[in-house]
Amino acid sequence: MQGIKYIDEIDISNKRVLIRVDFNVPLDEGNQITDDTRIRSVLPTINYALDENARVILISHLGRPKGIPVDSMSLAPVAKRLGRLLEKEVRLAPDCIGAETKTIVENMKPGTVVLLENLRFHPEETKNEAGFGKQLAALADVYINDAFATAHRAHASNVAVTDYINNVAAGLLMKKELAYFTMAMEKPVRPFVAIIGGKKVSDKVGVLSSLCNRVDKLIIGGGMAMTFFKAMGEEIGKSFAEDSALEAAREVIRIAKEKNIKLYMPVDFVVADKFSAEAETKVVTSQEIPKDWMALDIGPATVTLFTEALANAKTIIWNGPMGVFEIDAFSRGTFALVSSVANSYALTIIGGGDTDVAVHRASEFAKMSYISTGGGAFLEILENNDLPGIAAIRHNQQRQSAV
Ligand code: AMP
């Protein structure tokens, strides 16, 4: 899958194993973790390494500390939660490089876990600096990348590091993410339907074009539908639209026509007289958006139309909400669609970010086949079929097999 080897295909027993994970969890003002999904999702990899008696050295970023140590972005709460989940001591090293960290790692016993402090306390991390990657690599015998949600970034801990270590592979979360991606994108059971929502066409134009080569039906909702309507010359009142993406929207419509893909657009909207929870609202058809109002959610007829389009689907991928779901008055379209997707008989793959939040708020996560841990990474792999973090593993493995 993706031409790379995984942790369970290489020898890690008793070795020092450096694992890049994504522990970028949300914290509240009291520095308490509000959602530990990202920690739980890499437990299979960590447990696998521990079962192999490896010395497990974990590296991650948290937040955007901009290259300097910031107390509120310390990984200390993560070390504590991980320790509780593993029922094992997880020591937090005060830094991810340097003499003290080196000593801590050298003194590790087989079957123990150390978490190194936030990678982004060093500016070299996001600059993908070779020297920083080399220092990380020097801590271990084996490097594993299990940070799918960060794999679309070319940073030192997932790209440069792979130039300085011989044994490199991907983790079990990465394996799972790529297995679902492959099921949907390489040999999808048809009909294959993609639902793309959210705000901006410009963020997703590459994904939309790529999907046009694979899906049978494309459903467009959310703020981005307004850019499509504007591009088609419709009146959209004061709705959000991206003037710079009108041509891109027309191009997607053109490609969909050329490839014979059924393109579904909203037929009605919940419109509001202002962008506010207190706004006056009404449901109008897509031809009747009043000049001074804005469309903030899809309407009930659209929910019926989209649900009908999903009825015979065998594979569904979804990224982006259908409206401003953060405000109750404009959340019904997104939640109704969550339930349509959850009740379908399809393989359902939810692409991270806001869609993940909506599915959890609707308590329908158990009915989805898979919810990706990556938002940006999910979109980028849909677009390019590859990610810098995955390509780095592949290049390393190709170099090793050529030796
Ligand atoms: P994205 O990050 O592109 O997936 O966009 C997600 C955001 O799109 C959410 O915060 C929604 O509130 C917003 N959104 C969805 N529909 C609309 C709309 N009709 N007008 C303005 N914003 C929207």
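The legends below describe close-up views of one predicted model.

Residues are numbered from 1 along each chain as its sequence is written, and side-chain values use heavy atoms, with hydrogens and water left out. Because the model is predicted, local features need pLDDT of at least 70 and side-chain atom pairs count only at pLDDT 80 or more, whereas totals for chains, interfaces and linings use all residues.

**View 1. Two domains of the protein chain, as given by the domain assignment.**
Domain 1 consists of residues 7–171 + 386–402, and domain 2 covers 188–372; such bounds come from an automatic or database domain assignment. The C-alpha centres of domain 1 and domain 2 lie 36 Å apart.

**View 2. An open sheet of six strands with the order β3-β4-β2-β1-β5-β6.**
The pairing in this sheet is parallel, where strands (E, at least two residues) and helices (H or I, at least four residues) are DSSP runs numbered from the N terminus, and two strands pair if DSSP finds at least two bridges between them. The edge strands are β3 (90–93) and β6 (167–170), each of which pairs on one side only. Direction ignored, neighbouring strands of this sheet are turned by 25° against each other on average; the axes are lines fitted to C-alpha atoms, for helices over the stretch in contact, and angles run from 0 to 180 degrees between N-to-C directions. Strand β3 pairs with β4 (residues 113–116) in the parallel sense over four bridges, and the bridge partner of A93 in β4 is L116. Helix α15 (residues 388–402) lies across β5 (142–145) and β6, running at about 140° to β6.

**View 3. An open sheet of six strands with the order β9-β8-β7-β13-β14-β15.**
Here the pairing is parallel. Strands β9 (262–264) and β15 (370–371) stand at the edges with a single partner strand each, so one side of each is left without a neighbour in the sheet. Within the sheet, β7 (residues 192–196) and β13 (residues 315–319) pair in the parallel sense over five bridges, with A194 standing opposite I317 in β13. Helix α12 (residues 332–342) packs on the sheet and touches β7, β13 and β14 (347–350), contact meaning heavy atoms within 4.5 Å; the direction of α12 makes about 155° with that of β13.

At 2% relative accessibility T355 counts as buried, the classes being buried under 20% relative accessible area, exposed over 50%, and partly exposed in between (1.4 Å probe, protein chains only). Not counting residues up to four places away in sequence, T355 touches W318, N319, G320 and I350. By comparison, T355 and V303 are 52 residues apart in sequence and 16 Å apart in space, C-alpha to C-alpha.

**View 4. The salt bridge between D8 and K175.**
A salt bridge is a side-chain nitrogen of Lys or Arg within 4 Å of a carboxyl oxygen of Asp or Glu, and a search of the whole structure finds 17 of them. The side chains of D8 and K175 meet at 2.8 Å, N to O. Since D8 lies in the segment before β1 (16–20) and K175 in helix α7 (residues 172–185), the pair ties together parts that are 167 residues apart in sequence. Both residues are partly exposed, D8 with a relative accessible area of 34% and K175 at 27% relative accessibility.

**View 5. Further salt bridges, including K230 with D243 and E364 with K367.**
The closest N and O atoms of K230 and D243 are 2.8 Å apart. K230 lies in helix α9 (residues 223–231) and D243 in the loop between α9 and α10 (246–258), so this pair ties together parts that are 13 residues apart in sequence. K230 counts as partly exposed at 32% relative accessibility. In the salt bridge of E364 with K367, the closest N and O atoms are 3.3 Å apart; E364 is buried, with a relative accessible area of 13%, whereas K367 counts as partly exposed at 46% relative accessibility. Salt bridges that share partners also join D36, R40 and R81 into one network.

**View 6. The cysteines C96 and C212.**
C96 counts as buried at 0% relative accessibility, and C212 counts as buried at 1%. The structure holds zero disulfides, a disulfide being a pair of cysteine sulfur atoms within 2.5 Å.
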